[in-house]
Amino acid sequence: MIANCLKVNEEGHLEISGCDTVRLAEQYGTPLYVMSEDEIRETCRRYVASFAKNYNGNGKPIYASKAFSCKEIYRIVLSEGLDVEVVSGGELYTALQAGVPGSQIHFQGNNKSVGELTMAIENGVGDIVVDNREELERLETIAMEHNMVAPVSFRIKPGIDAHTHEFIRTGQIDSKFGLDLASGEAMDALRRAQQLEHIVVKGLHCHIGSQILEKAPFVHAAEVMLQFFAKIRDELGMTLETLNLGGGFGIHYTEQDDAIPYEEYMGDVSAMVHSKCQELGLQLPRIYIEPGRSIVGEAGITLYTVGSIKEIPGVRNYVAIDGGMFDNPRYALYQSSYTCLLANKASQPADYVATIAGKCCESGDLIQEHTLIQKPEIGDLVAVLSTGAYNYSMASNYNRNLKPACVMVSHGESRIVIKGETYEDLVRNDV
């Protein structure tokens with residue numbers, strides 16, 4: 001199995017953190033998101049331990065909550081010693097409602113509204129990541145109106161093109177995110193920030209992409225950013241305190257994904273950080289990273305019930321489920337690979353070539369094409385693995401479908417952490 005929390009039990013059923021998925025489907029219905037709290041906590045602890053080892057605790061991981069945002073996940077990562085990254089007013093509000101102190105929130109985004117920035121100022125957000133000059137000026141005005149000083153870091157485009165899908169590459173020059181390093185845009189913004197009375201620049205941030213399965217881009221990003229640290233010191237006389245190297249660590253979606261243990265990423269990047277600081281005469285900054293997918297991705301699965309099977313000889317076999325692109329749009333968007341199996345027949349051989357089809361009125365509403373699963377029958381339970389990241393977060397009500405419930409499981413016990421929607425929820429805001 002891809003994740004440590006998964007196994008096949010004595011009944012031949014897929015089990016997650018001691019919970020039989022067949023029983024979960026019977027209890028909560030399908031579609032159903034299931035998350036392993038045990039797996040999430042274990043991954044958080046590995047990241048925290050790596051900071052103790054590589055930086056003597058001078059820094060910490062930040063949970064990038066766009067991967068999966070709800071009150072309970074914020075409570076879990078906070079209890080494990082992580083900070084929280086948010087990218088919208090909605091994520092910020094949810095984190096605050098879950099009890100995350102503003103001082104432990106890092107607010108990202110390329111076009112934060114006046115309302116969102118005001119919410120951040122009023123709630124004492126500890127790190128507002130400035131994306132552009134206009135935002136810097138907007139934030140100065142809001143902070144002045146509140147008679148406060150806004151702590152910020154600057155998002156930098158380091159010019160690194162990570163090997164990943166073109167829609168999720170964010171560190172190269174052609175990106176909607178951040179200030180360009182090569183053209184001098186970033187330095188000009190920092191120079192302007194020095195002139196502002198209600199802005200204090202704490203550090204720099206970069207993020208080069210997502211689902212990256214190699215170490216070299218992260219190591220190079222650390223080198224480029226520290227060189228810029230030294231340039232800022234020499235040209236502007238500013239000594240920055242923090243360096244956020246972003247996230248993007250790849251996970252296993254299928255057995256073909258050669259995901260690197262997180263400790264190896266951390267070790268190689270740390271070696272570059274320490275050596276470059278020594279070479280440039282820099283004091284070691286406080287280091288942050290922003291894992292999101294790697295914390296929750298493999299910890300989650302989605303369960304569906306088979307409703308119909310259409311076998312088209314010489315073409316394909318459609319296995320239709322009661323979910324689809326409204327609860328997992330990633331195949332439609334990115335042609336993302338997943339591992340699928342029949343949870344109630346998990347011990348049987350996977351020798352049936354299936355195209356897993358959703359229920360939306362779209363030909364492209366597919367979860368996976370030409371994938372091997374056990375021979376299906378009506379009523380079987382399909383499990384799609386590694387759906388903990390960017391599935392619930394990207395879910396919609398397309399075709400007025402209901403967003404599924406999410407269950408958290410731990411040591412054989414389960415609990416609802418997000419209620420499934422009702423038809424009344426669909427029309428709540430209609431007038």
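## Close-up views of a predicted model

**View A. Lys-60 has Tyr-288 as its bridge partner in strand 13.** This is a predicted model, in which local features need pLDDT of at least 70 and side-chain atom pairs count only at pLDDT 80 or more, while totals for chains, interfaces and linings use all residues. Residues are numbered from 1 along each chain as its sequence is written, and side-chain values use heavy atoms, with hydrogens and water left out. Helices (H or I, at least four residues) and strands (E, at least two) are DSSP runs, numbered from the N terminus. Strand 5 (residues 59–64) pairs with strand 13 (residues 286–289) in the parallel sense over three bridges, where two strands count as paired if DSSP finds at least two bridges between them. Strand 5 also runs parallel to strand 6 (residues 83–86), to which three bridges join it, and here Ile-62 has Asp-83 as its bridge partner. Six of the six residues of strand 5 are buried, which leaves this strand mostly covered; buried means under 20% relative accessible area, exposed over 50%, and partly exposed in between (1.4 Å probe, protein chains only).

**View B. Three strands make up an open, antiparallel sheet in the order 1-2-3.** Strand 1 (6–8) and strand 3 (19–20) stand at the edges with a single partner strand each, so one side of each has no neighbour in the sheet. Strand 1 and strand 2 (residues 14–16) run antiparallel and are joined by three bridges; in strand 2, Glu-15 is the bridge partner of Lys-7.

**View C. Pro-291 sits in the loop between strand 13 and helix 10.** With a relative accessible area of 0%, Pro-291 is buried. If neighbours within four places in sequence are left aside, Pro-291 is in contact (heavy atoms within 4.5 Å) with several residues, including Pro-61, Ile-62, Tyr-63 and Ala-64, as well as Tyr-47 and Phe-249. From C-alpha to C-alpha, Pro-291 and Ile-212 are 12 Å apart in space, although 79 residues apart in sequence.

View D. Ser-294 counts as buried because its relative accessible area is 5%. Apart from neighbours within four places in sequence, Ser-294 is in contact with Thr-43, Tyr-47, Phe-249, Ile-251 and Tyr-262.

**View E. Tyr-47, Phe-218, Phe-249, Tyr-262 and Tyr-265 belong to one aromatic cluster.** Rings of Phe, Tyr and Trp (its six-membered ring) pair if their centres lie within 6.5 Å; planes under 30 degrees apart count as stacked, over 60 as edge-to-face and the rest as tilted. By this rule there are nine aromatic pairs. Tyr-47 and Phe-249 form a tilted pair, 6.0 Å centre to centre with 35° between the planes. This pair links distant parts of the chain, 202 residues apart, with Tyr-47 in helix 2 (residues 37–55) and Phe-249 in the loop between strand 12 (242–244) and helix 9 (262–280). Both Tyr-47 and Phe-249 are buried. Phe-218 and Tyr-265 form an edge-to-face pair, 5.2 Å centre to centre with 80° between the planes. Since Phe-218 lies in helix 8 and Tyr-265 in helix 9, this pair ties together parts that are 47 residues apart in sequence. Phe-218 is buried at 5% relative accessibility, and Tyr-265 is buried at 2%.

**View F. Ile-40, Phe-154, Leu-204 and Val-296 touch the most other members of the largest nonpolar core, which has 106 residues.** Helix 8 (residues 216–236) supplies the largest share of this core, 12 residues. A second, separate core has 23 residues, among them Ala-3, Leu-6, Val-34 and Val-409. A nonpolar core is a set of buried Ala, Val, Leu, Ile, Met, Phe, Trp, Tyr and Cys residues joined through side-chain atoms within 4.5 Å. Leaving aside neighbours within four places in sequence, Ile-40 is in contact with residues including Ile-73, Ile-76, Ile-295 and Val-296.
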